[in-house]
Amino acid sequence: FHCYTAKYALCQCLRLVKGLRKKCLPPILHVSRLNSSTSSSPVPRITTHYTVYPRDKDPRWEGISMERFADEADVIIVGAGPAGLSAAIHLKQLASEQGKELRVCVVEKASQIGAHTLSGACLEPKSLQELFPDWKERGAPLHTPVTEDKFGILTEKYRIPVPLLPGLPMRNHGNYIVRLGHLVRWLGEQAEQLGVELYPGYAASEVLFHEDGSVKGIATNDVGIAKDGSPKEVFERGMELHAKITIFSEGCHGHLAKQLYKKFNLREKCEPQTYAIGLKELWIVDEKKWKPGKIEHTVGWPLDRHSYGGSFVYHLNEGEPLVAIGFVVGLDYQNPYLSPFREFQRWKHHPAIAPTLEGGHRIAYGARALNEGGFQSIPRLTFPGGLLIGCSPGFMNVPKIKGTHTAIKSGMLAAETIFQKITDENFHSETAGVHLPEYEENLQNSWIWKELYAVRNIRPSCHTALGVYGGMIYTGIFYWIFRGKEPWTLKHKGLDAHQLKPAKDCTPIEYPKPDGKISFDLLSSVALSGTNHEHDQPAHLTLMDDSVPVNKNLSIYDGPEQRFCPAGVYEFVPVETGDGQKLQINAQNCVHCKTCDIKDPSQNINWVVPEGGGGPAYNGM
Amino acid sequence: MSARVLVGVKRVIDYAVKIRVKPDKTGVVTDGVKHSMNPFCEIAIEEAVRLKEKKLIKEVIAVSCGPQQSQETIRTALAMGADRGIHVDVSGKDYENLGPLQVSKILAALAKKEDVRLIILGKQAIDDDCNQTGQMTAALLDWPQGTFASQVDFQEDSLKVEREIDGGLETIKIKMPAVVTADLRLNEPRYATLPNIMKAKKKKIDTVKPSDLGVDLSSQLEVLSVEEPSQRQAGVKVETVEDLIKKLRDSGRI
């Protein structure tokens, strides 16, 4: 099968030649920081992105036309995930029911629908049932009903089973194990059949505003900017898409949502969002170990009781003996030496887990941040010209670890509210972009609100000295018995980025070396995600201040970014001359998980969207 | 110039994706895997569109042979500037057996049917690395060929093609109609931007069957099995020359 190695060599050849095309870096190679108190040597320039160095002040961009082609739709949706696609589908369903015409456009940064989707996932079908009562006849990929549900606490060598009594949030009776990427792909097909315009491979990179400050729409990413930030021959501006209302469904910690929170002050009355990182692998296991429909969750080892997290093992029933396994680590962890990737790899060796994987082989890997804030962290959801749905504002039911059913429902509610308003001839909007506070009211009257309210105290109850076990006790008493009706609402700890303790106050963790059969090294894992980006573009992991990684992150926290990134993007390497280190950003490896933007203790990293089409190539993750 | 150009584009598994062999060893897993246009086909389309922009040719036709999804690849070609597309519908067992010989028969038939003066193809596809389709198409049509082109100059009735060969660069002059295959350094393809993708939705894609073109898809080749390359064995380090000789003797090498 020599084609494989020849193709690999060809790809390396392609990459090399594409790299040779780039123009030489401009003379401004080093940026001297005159007011830096810790370093007097020039800081090597890392960030070249135009969001940090605007192009209207850059001499290399003089004379380049920055005009953009513009088009109009009725509704624009950013992000083709479960929420975005459900909103698009429901809008078209309502339009066809009532004989109206609606132009709905969805932009998605992945090259194909579902390629950036990653989740466990165990789906509660109730909102899918509302969207498509005939989902089964339509061939929705829900092939694996849950048959067995187990929960355990792991110690270093043993597993303590915990009974899942009816009424506990972790029980999965009636649910389905799905490959969410395939479900999203199926939703995309249904959307196209209904006439939704889907544009995968085009990322929304900018929010556009009317003169009155309301949202006008979005602009897609520019293409053809070289790594040093200068225009290439193939430079072309992105396109503007205008709409009466824009739905932002970017998923957990969206980059446009981050801007919108600031612009419209949407987070003034809610708590900051808190997150976790989820790492996942797909394994083909030995048939004897395969139990289709079985679900297993664990907490405990290798995390200590103060670090929130746990694992899942889901046995799929889709023909081959496929098992989805994953590990979640709360991003409010305190030890900067913690590496979520390596915790995941060493967890696989536990005597209760390893036997399932022995004799099998790994076929996929990926990672994504997820919300843990629940009810307390839901921001204001609407603003003139737009609204937020899905995991972007965050409707995840944390103890159930399910957010897909609420995301789908939020998309449907948005569609209903929007449809009612924009087809109402008597409706006159005060602002150029339509403001829909009714969406927020409808959401608060729906089952999403009741469900999230009932479980609101479970995650914060893990912050006591008893840690995760305190949380389990709290769940047992207040959720199982009292159904979440207690009159108080516990608070979270604050921003995840502020929870890290300085490295000198913490002990480094000794992780075992990967054995290459059950556990693996980072780079071979990243290769399995299929991630890639056009090499000759500015790094999309932008630093507000290039001197901070070495002067603050490395010196105080020992560079936690080299540990929490599940794709090896951040590396501290020795400088060419003299002592000291510099940060090297391997932007091509990025899997778009957003963890760095969340956990950077200096909040100096700003993740922006790279050229559309780049990123992971997940298949049914 | 009223010439028409035919450009072949192939839908292949994206070069950055790690491929996996199917458990039944009949091929690689393609379902749900990210596909994109063969990089050399992108370069071919770019060259054809540039010729049209220089007003040296009249029309660019993009062709792809394969199942329904090949139409996505044709759409990308249309978004890059091709005028219309032809989807040759081949699926199932026929698609599994589709190789350079079958494709070149199809391209030759289309070239005659569409009265084409120039065929531009990528030099090879990154999934099979055959590097045969361009050459076979030229032979079937009895046309001259300029393969591994890194530069193409259009002259009245002929082409000056600079080719990348093992020894360096070779420049040849070939009469049209001709077949040219694109190599890496021919050009840097433009992006298929969103406004162009939207416009491309309005451009025409005709679907034809190989039988409509009178082409027989039967293959003389049968794939017996597809396997992963064998795992690289760990090497053994030795300390001295004597140790090395002893090890070589023990394993029967000397």
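Trainee: Which residues of chain A does the UniProt annotation "domain: ETF-QO/FixC ubiquinone-binding" cover?

Mentor: The annotation, from an unreviewed entry, covers residues 275-370 of chain A. UniProt positions are given in the numbering used here, feature names are shortened, and annotations may be inferred rather than shown by experiment. This is a predicted model, in which local features need pLDDT of at least 70 and side-chain atom pairs count only at pLDDT 80 or more, while totals for chains, interfaces and linings use all residues. Residues are numbered from 1 along each chain as its sequence is written, chains are lettered from A and ligands numbered from 1 in the order in which they are written, and side-chain values use heavy atoms, with hydrogens and water left out.

Trainee: How much of residues 275-370 of chain A is helix, and how much is strand?

Mentor: The span is 12% helix and 45% strand, and its end C-alpha atoms are 6 Å apart. Helices (H or I, at least four residues) and strands (E, at least two) are DSSP runs, numbered from the N terminus. For "domain: ETF-QO/FixX C-terminal", also from an unreviewed entry, UniProt lists residues 516-619 of chain A. That stretch is 25% helix and 15% strand, with 23 Å between the end C-alpha atoms.

Trainee: What does UniProt list for chain B, at residues 25-217?

Mentor: The unreviewed entry gives "domain: Electron transfer flavoprotein alpha/beta-subunit N-terminal" there.

Trainee: How many residues of chain A and chain B are in contact?

Mentor: 43 residues of chain A are in contact with 39 residues of chain B, where contact means heavy atoms within 4.5 Å. The two chains bury about 3700 Å² between them, 62% of it on carbon and sulfur atoms. Buried area is the accessible area (1.4 Å probe) that two parts lose on being put together, summed over both.

Trainee: What makes Glu188(B) and Lys232(A) a salt bridge?

Mentor: The rule asks for a side-chain nitrogen of Lys or Arg within 4 Å of a carboxyl oxygen of Asp or Glu. For Glu188(B) and Lys232(A) the closest N and O atoms are 4.0 Å apart, so the pair is called a salt bridge. The count between chain A and chain B is two salt bridges.

Trainee: Which elements of chain A supply at least two residues each to the side that touches chain B?

Mentor: They are helix H1 (2-20), strand S10 (197-200), strand S13 (223-225), strand S14 (231-236) and helix H12 (522-528). H1(A) gives the most, with ten residues. The residues on that side divide into 22 nonpolar, nine polar and twelve charged. Here Ala, Val, Leu, Ile, Met, Phe, Trp, Tyr, Cys and Pro count as nonpolar, Asp, Glu, Lys and Arg as charged, and the others, Gly among them, as polar.

Trainee: Why are Arg237(A) and Asp222(A) said to tie parts of chain A together?

Mentor: Their side chains meet in a salt bridge at 2.9 Å, N to O. Arg237(A) lies in the loop between S14 and strand S15 (240-248), and Asp222(A) in the loop between strand S12 (215-220) and S13, so the pair joins parts that are 15 residues apart in sequence.

Trainee: How do you know that S5(A) and S9(A) pair?

Mentor: Two strands pair if DSSP finds at least two bridges between them. The open sheet has three strands in the order S5-S9-S6 of chain A, with antiparallel pairing. Its edge strands are S5 (122-123) and S6 (144-145), each of which pairs on one side only.

Trainee: Where is the peptide bond that is cis with omega near -5°?

Mentor: That bond runs from Gly120(A) to Ala121(A), and Ala121(A) is found in the loop between strand S4 (104-108) and S5 of chain A. The bond from Trp301(A) to Pro302(A) is cis as well, with omega near 5°. Pro302(A) lies in the loop between strand S17 (294-300) and strand S18 (309-315) of chain A.
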